[in-house]
Structure formats: structure tokens, C-alpha cells
Amino acid sequence: MPPSPNPARPYASLDDTDRAILAELAADGRLPNNALAARVGVAPSTCLARTRALRVCGAIRGFHAEVDPAAMGLPLQALVSVRLSAHDRAVVDAFRARSVRLPGVVAVFHVAGAEDYVLHLRAASADALRDFVLDHLAVDPAVQHTQTSLIFEQARGAG
């Protein structure tokens, strides 16, 4: 039975098999269905139905290749912390909607603390990074302050 949406607890209906499928796919998103089914101990048809249901309910957001940014001509990565000038919902929602569409943005994090957002960026050079901040953030009336931190190395955690 596919997990049913529950706005208060959207993943409350997931069981141990669903969570095992999620864990295996998080470790290897290219795992074929037959191998995934064997690892979690269900029939391939059951595994396929559950995987589809996990996509429909949003537990699986997508499948991605982890590519070295330098191979794409974007060897520089940075985290740009952004403090907004106002904190009403319209300003916050509009900034989020704009920021995820900006060129070079890998991820946008809405965070607690002194800053409101952290943008993970990829850029071709320090000049391109500077231009991004000046052209997209410094001119945004919703942005009060930015702080850029260069990423020297990135390693994926086990979680």
C-alpha cells in the first residue's frame, strides 16, 4: 500500500521496508530494482511499487549524478550567507523563489541565526563569484547583507 500524504506528519505511514529502500537508494541511487529488492527482502514487483509510491509522496525527491564541478568548468565553490532586510512572509518567499533560479546556485538553505539564507554556489572563477554577488545579491532590495565563504574542499558524509 503506498504511503498516504499527511500534512502534519508527511512520512508517518512509511514502514521499515520503505525506510530500507530509502537508505539503499541514498547510498546508491543507481541500484537496479532487482538488487534493491534483494537487499531489502521483498519481491521486485513490490519494490518497484513501493519505490514509485515513495516518489509520489515526495520521500524520493529525485535521482542525481554527483559530478565534479571542475569537470563542468566550475571549480570554485562558495557559501554565501544572506541577511534579508525584512522578514515578512512575502519577502522571504520571494527571495527563496528567486534565489533557487539564479545561475550557479546548487542549493539554498533557509537557516536560523544571524543570517536568513545560505546559498551554495559554483563558479568558474573568483571574478565570476564576485560578479554573481554584485549582479544578483547586492542589487536585490530584499538583501541587507551578504558574507561569502570559499569552500576549499567538500566531502560527502555518511548520513
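Q: Which residues does Thr51 touch, not counting residues up to four places away in sequence?
A: In this predicted model, Thr51 belongs to helix H3, which spans residues 44-56. Contact here means heavy atoms within 4.5 Å. Once residues up to four places away in sequence are set aside, the residues that Thr51 touches are Ile21, Leu25, Leu36 and Ile60.

Q: Is Thr51 buried or exposed?
A: The relative accessible area of Thr51 is 11%. A residue counts as buried under 20% and as exposed over 50%. Thr51 is therefore buried.

Q: Which backbone oxygen does the side chain of Thr51 reach?
A: Thr51 lies in helix H3. Its side chain comes to 2.8 Å from a backbone oxygen, that of Cys47.

Q: How are H2 and H3 oriented to each other?
A: Helix H2, residues 33-40, packs with H3 at an angle of about 100°, and their axes are 8 Å apart. Angles of 65 to 115 degrees count as roughly perpendicular. The two helices, H2 and H3, are therefore roughly perpendicular.

Q: How many residues of the contact of H2 with H3 are nonpolar, polar and charged?
A: From H2, the residues Asn33, Asn34, Leu36 and Ala37 take part, and they meet Pro44, Cys47, Leu48 and Thr51 of H3. The residues of this contact divide into 5 nonpolar, 3 polar and no charged.

Q: Is Gly41 buried or exposed?
A: Gly41 is located in the loop between H2 and H3. Its relative accessibility is 66%, and the cut-off for an exposed residue is over 50%. Gly41 therefore counts as exposed.

Q: How far apart in space are Gly41 and Ala20, C-alpha to C-alpha?
A: In sequence, Gly41 and Ala20 are separated by 21 residues. In space, their C-alpha to C-alpha distance is 9.5 Å.

Q: How far apart do the C-alpha centres of domain 1 and domain 2 lie?
A: The domain assignment of the protein chain gives domain 1 as 14-57 and domain 2 as 69-151. The distance between their C-alpha centres is 35 Å.

Q: Is Asp116 buried or exposed?
A: Asp116 sits in the loop between strand S2 (105-110) and strand S3 (117-123). Its relative accessibility is 10%, and buried means under 20%. Asp116 therefore counts as buried.

Q: With which side chain does the side chain of Asp116 make a polar contact?
A: Leaving aside neighbours within four places in sequence, Asp116 is in contact with Val82, Arg83, Leu84, His87, Phe109, His110 and Val111. At 2.9 Å, the side chain of Asp116 makes a polar contact with the side chain of His87.

Note on methods. Residues numbered from 1 in each chain as written. Predicted model: local features only at pLDDT ≥ 70, side-chain atom pairs only at ≥ 80, totals over all residues. Heavy atoms only, no water. Helix = DSSP H or I, 4+ residues; strand = E, 2+ residues; numbered from the N terminus. Buried < 20%, exposed > 50% of the residue type's maximum accessible area, 1.4 Å probe, protein only. Polar contact = N/O pair within 3.5 Å; in protein donor to acceptor, adjacent residues only side chain to side chain. Domains from an automatic or database assignment. Axes fitted to C-alpha atoms, helices over the stretch in contact; angles between N-to-C directions. Parallel < 35°, antiparallel > 145°, perpendicular 65-115°, else oblique. Nonpolar A, V, L, I, M, F, W, Y, C, P; charged D, E, K, R; others polar.
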